[in-house]
Structures are given as C-alpha cells and as structure tokens.
Amino acid sequence: MGVLVVGSVIPNFEAPILSSNNLHTFSICVPNTSSTKLKFLRHTCSESLSSMASPLQVNASKGNEETSSSGIIGANDLLIVGPGILGRLVANMWRQEHQKCEIVGQTVTADHHEELLNLGIVPYLKTTKLTRKYPFVIFCAPPTQTSDYPGDVREAASYWNGEGSFLFTSSSAPYDCYNNGYCHEDSPVVPIGRSPRTDVLLKAEKEVIASGGCVLRLAGLYKSDKGAHVYWLEKGTVDARPDHILNFIHYEDAASLAVAILKKQLRCQIFLGCDNHPLSRQEVMDIVEKSGKFSKKFGGFTGKNDPLGKKLDNSKTRKEIGWEPKYQSYAHFLGISE
C-alpha cells in the first residue's frame with residue numbers, strides 16, 4: 001500500500017507578508033536502518049529498471065520519463081505533493097495508522113531525497129510523470145516555486161484515482177476581511193482580480209473542487225523555530241501596526257487536521273484550520289517575551305496605517321471532522337497561562 005505526498009505547505013503567516021519537498025514505489029515498511037532501506041530499494045530498482053543505480057540516481061536521471069505502471073496500489077497508499085514540514089508530519093501520522101501503506105513524495109529538486117527515504121517516503125522529481133493513480137493525495141506545495149500553480153494542482157488531481165481523498169492545503173488569506181472582524185469557513189473571499197496573491201490560491205482551489213477534492217485553508221503555521229515570531233525577532237523592529245489581528249495553527253495540529261479530513265473521504269468541501277485564539281501582533285510578542293524561551297529581544301511595531309486583520313473561527317470544521325488541536329493557543333504552546 002502507498003501514500004503519495006506532493007510538495008510542501010503554503011507559507012501563511014497572514015502577516016508579515018514577506019516583501020510580501022521514475023521510481024516505481026514499493027512497500028517501505030522495513031527495519032528503520034538507512035542502509036537496509038536503501039539496499040532494499042536498490043535491489044527492487046535493479047529488477048524493475050535493470051539498473052544498479054540508487055533511488056536518488058534513478059529519480060535524477062529519469063527527467064521527463066514515466067514511472068512504471070506495474071505494481072498494485074494499496075487501499076491506503078498516499079501521494080504527497082510537497083513533502084516539506086507539513087507533508088512529512090502528515091506522512092508520519094498516516095504511517096502510524098496504516099503501517100503497511102506506501103507513501104510517495106513529489107519534489108521540485110532532489111536536495112532532500114535521502115532525508116525522505118530515511119522517513120519512509122519514496123521521492124519522485126516533479127519532472128517525472130507518474131502513471132499510477134493513488135487513493136489518497138495531499139497537495140501541500142507552496143505557490144512560490146512554480147509559474148502555473150493551478151496547473152500543478154490540476155496535475156496532482158490527475159494522480160488521484162477518485163477513491164479515498166484528495167486534499168489541497170490552502171491559506172486563510174483569501175477571506176475578504178481587513179477590519180479585525182470574524183471569519184468562518186463560508187465567509188466571503190476576495191474577488192478574483194483584486195490581488196495576485198489571493199488569485200493564485202482561489203484559482204488553485206477551483207481546480208480542487210472541480211476534481212471532487214477538498215480544500216483546507218490554514219491560518220499562520222508555526223513551531224518553536226518557524227513562524228511570524230521568529231521573523232519579527234530577527235528584524236528587531238517591524239514597520240507594521242501592533243493591533244493587526246493574526247491567527248495561528250501549530251504544524252502538528254495542521255497535520256492532524258489534514259489526516260482527519262483525508263480519513264473522512266469527503267468531496268468538494270472547504271475547511272478551515274486554526275486554533276480559535278486570534279491574537280494581535282503585539283499580543284504575540286508579549287507572549288514570546290513572557291515565555292522566556294527566546295534569547296533575542298523584540299524592539300516593537302512602529303506601523304500605524306497598514307490594514308487590520310481578521311479573527312478566524314473554525315467551529316464548523318471541528319464539529320464536522322471531530323477534531324481538536326493539541327495546542328489550543330499560541331500561549332498554550334509556549335507554556336503561558338492566558
């Protein structure tokens with residue numbers, strides 16, 4: 001059985017906008033030693049491709065060739081397009097529930113293929129045309145590495161066999177609210193043509209819904225060493241207004257929500273991922289300071305006239321999916337009482 005993972009998650013801190021992750025896949029449930037895993041894959045490659053090249057060499061050399069169409073697709077096999085931070089967490093959680101499945105990851109470059117192999121994810125280059133279809137596909141690649149993001153999403157949808165689930169991880173950026181007001185799953189979105197940033201996301205989402213897949217709009221992703229707080233600490237002083245409202249979801253929670261949605265095998269729905277604890281920029285950095293877990297000191301926000309934000313509420317998603325976050329708020333993650 002296998003899972004296909006494509007790409008890496010869309011960066012979505014809402015603010016700041018910074019100016020403004022073919023080899024036929026195999027069962028990789030083998031002992032957790034890199035040498036054993038690689039030896040098994042090399043042996044299988046030699047049988048399938050009459051070559052002693054390693055998986056990395058095969059992927060790098062195949063260019064635009066197609067993968068083998070032989071083999072049996074398992075009921076829980078997963079394709080991940082963009083196996084970055086979020087995609088890898090999804091793969092790990094999926095593997096815990098489907099130990100004999102096959103997980104495949106599609107990447108733009110081969111830079112992290114060895115890491116993916118060590119995590120039990122069989123890597124493919126984006127230039128390699130897949131001829132197999134998968135029951136579960138998740139697309140979490142950002143729009144920054146392509147000139148045709150909707151086209152990439154459409155291609156990923158073509159690798160879905162129509163069973164299981166197809167899920168696209170989008171951003172909460174398209175919600176048309178800039179007055180610190182409330183938004184939920186069905187709130188209005190920015191009209192096409194107003195912003196290139198939201199246009200590309202909305203057009204990609206349209207491709208997903210047309211294919212029968214689902215969309216997960218995520219709030220600002222973070223962990224201890226990645227997120228808006230890290231950027232602001234590096235900058236020291238930020239020319240942005242302190243009262244702009246932000247929304248968050250920890251990477252682990254985003255992954256657990258994505259897996260929960262995949263398991264539901266739903267069609268043509270839009271979900272929202274957030275912790276339901278919106279914070280102003282100033283409140284975020286006050287929590288960071290209070291936690292005592294960061295050595296750098298923040299100088300402050302100096303902006304006055306930039307737009308305000310929005311307050312996200314995903315109560316509908318939680319009820320339908322039966323999901324709750326591990327980290328109920330930014331403060332909870334940092335061990336601070338609210």
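A: Arg 241 is buried, its relative accessible area being 18%; buried means under 20%, exposed over 50%, and partly exposed in between, with a 1.4 Å probe and protein chains only. This is a predicted model, in which local features need pLDDT of at least 70, side-chain atom pairs count only at pLDDT 80 or more, and totals for chains, interfaces and linings use all residues. Residues are numbered from 1 along each chain as its sequence is written, and side-chain values use heavy atoms, leaving out hydrogens and water.

Arg 241 sits in the loop between strand 10 (237-238) and strand 11 (245-246); strands (E, at least two residues) and helices (H or I, at least four) are DSSP runs numbered from the N terminus. Beyond its neighbours within four places in sequence, Arg 241 is in contact with residues including Arg 281, Phe 301 and Asp 306, where contact means heavy atoms within 4.5 Å.

Salt bridges occur elsewhere, and the count comes to 15; each is a side-chain nitrogen of Lys or Arg within 4 Å of a carboxyl oxygen of Asp or Glu. One of them joins Glu 115 and Arg 88 at 3.0 Å, N to O. This pair links helix 4 (residues 113-118), which holds Glu 115, to helix 3 (residues 85-97), which holds Arg 88, 27 residues apart. Glu 115 is partly exposed at 37% relative accessibility, and Arg 88 is partly exposed at 21%.
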